[in-house]
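These are my notebook entries on one model, kept in the order in which I looked things up.

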Amino acid sequence: MLIAGFPAGAWGTNCYLVAPAAGEECVIIDPGHQAAGGVAEAVAKHRLKPVAVVLTHGHIDHVASVVPVCGAHDVPAWIHPADRYMMSDPEKALGRSFGTQLMGELTVGEPSDVHELTDGSVLNLAGMQLTVAHAPGHTKGSVTFGLPEAGDVPPVFFSGDLLFAGSIGRTDLPGGDHAEMLDSLARVCLPLDDSTVVLSGHGPQTTIGRERASNPYLREVAAGLGSSDAPRRGM
């Protein structure tokens, strides 16, 4: 399996290109602010053919480049229906203004072909099976994507802004809900095998085992507490 990831733009949001191997079809996850150039470089370097863009949620730092990336490769975008409006109205989604300078850099709107994600569905894309889990808390339409173990490659979990190395996503923006976040952590993350590699929306990769042992939120959810005051991350 090939996973090429890079942090993009003003918020350092991780964008990932996932393929069975170099020279094959790929899926692009979360092309955020100023990600189009990095996507083009990764496609050329690894000789990839994008077939879809999939989005963990609708915040502008994860979707800002969805229109140019989808347009450049003539591919659809997939997003949960609860977050779809955010592509066209990012300021409403965050409850604040970006300012004239930054808004001038953003391509606001939907690509020409948008598909909606549902909980538990399996996307058969680029010769891979991505399992979708609805995981509200950071936003109402947050989702995660899971890839199963394949040979010597452990399971991979694209967590978006649900789970980070040592932290979780913030819940104080419009659509955020701390109780829903805790439920999503318990329902979506805790059942995963400790060997599962976590590739999140911000920061370094980790594993479920490492987070189960050291992440204060995941530890307290596992213990049935869920009251940590440790700092949270995300936009």
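Helices (H or I, at least four residues) and strands (E, at least two) are DSSP runs, numbered from the N terminus.

The model is a predicted one, in which local features need pLDDT of at least 70 and side-chain atom pairs count only at pLDDT 80 or more, while totals for chains, interfaces and linings use all residues. Residues are numbered from 1 along each chain as its sequence is written, and side-chain values use heavy atoms, with hydrogens and water left out.

**Entry 1**

I looked up the strand order and found an open sheet of six strands, 1-2-3-4-5-6, with mixed pairing. Strand 1 and strand 6 (114–116) are at the edges with a single partner strand each, so one side of each has no neighbour in the sheet. From one strand to the next the twist averages 25 degrees.

Strand 1 (residues 2–8) pairs with strand 2 in the antiparallel sense over seven bridges, and I noted Cys15 in strand 2 as the bridge partner of Phe6. These two strands form a hairpin with four residues between them, and Gly9 in the turn has a positive phi of about 70 degrees.

On its way to strand 3 (residues 25–29), strand 2 again runs antiparallel, with three bridges joining the two. Here Leu17 has Ile28 as its bridge partner, and Val18 stands opposite Val27. The hairpin of strand 2 and strand 3 has five residues between the strands, and in it Gly23 takes a positive phi near 80 degrees.

Strand 3 and strand 4 (residues 49–54) run parallel and are joined by five bridges, with Ala52 in strand 4 the bridge partner of Val27. Helix 1 (residues 36–46) packs on this sheet, touching strand 1, strand 2, strand 3 and strand 4, and its direction makes about 155 degrees with that of strand 1. Helix 3 (residues 66–73) also packs on the sheet, where it touches strand 3, strand 4 and strand 5 (77–79), at about 150 degrees to the direction of strand 4. For these entries, contact means heavy atoms within 4.5 Å; axes are lines fitted to C-alpha atoms, for helices over the stretch in contact, and angles run from 0 to 180 degrees between N-to-C directions.

**Entry 1**

I then turned to another open sheet of six strands, which has the order 7-8-9-10-13-14 and mixed pairing. Its edge strands are strand 7 (122–125) and strand 14 (206–207), each pairing on one side only. Strand 9 (residues 143–147) and strand 10 (residues 156–160) pair in the antiparallel sense over three bridges, and Leu147 stands opposite Val156 in strand 10. Helix 6 (residues 178–189) lies across strand 8 (128–134), strand 9 and strand 10, and runs at about 145 degrees to strand 8.

**Entry 2: spaces**

My search used a 1 Å grid over the protein atoms alone: a cavity is a set of points where a 1.4 Å probe fits but cannot get out, a pocket is an open set with protein on both sides within 12 Å along at least five of seven lines, and lining residues have an atom within 4 Å of a point. Grid points are joined across faces, edges and corners, and a volume is the space filled by probe spheres set on the points.

The largest pocket has a volume of about 180 Å³. Its lining has 14 residues, of which Thr131, Phe145, Gly146, Phe157 and Leu192 lie nearest the centre. Strand 9 gives the most to this lining, with four residues.

The whole structure holds one cavity of 30 Å³ or more. Among the residues lining the largest cavity are Asn14, Tyr16, Phe158 and Leu199, and strand 10 supplies the largest share, three residues.

Conventions. Pairing = 2+ DSSP bridges.
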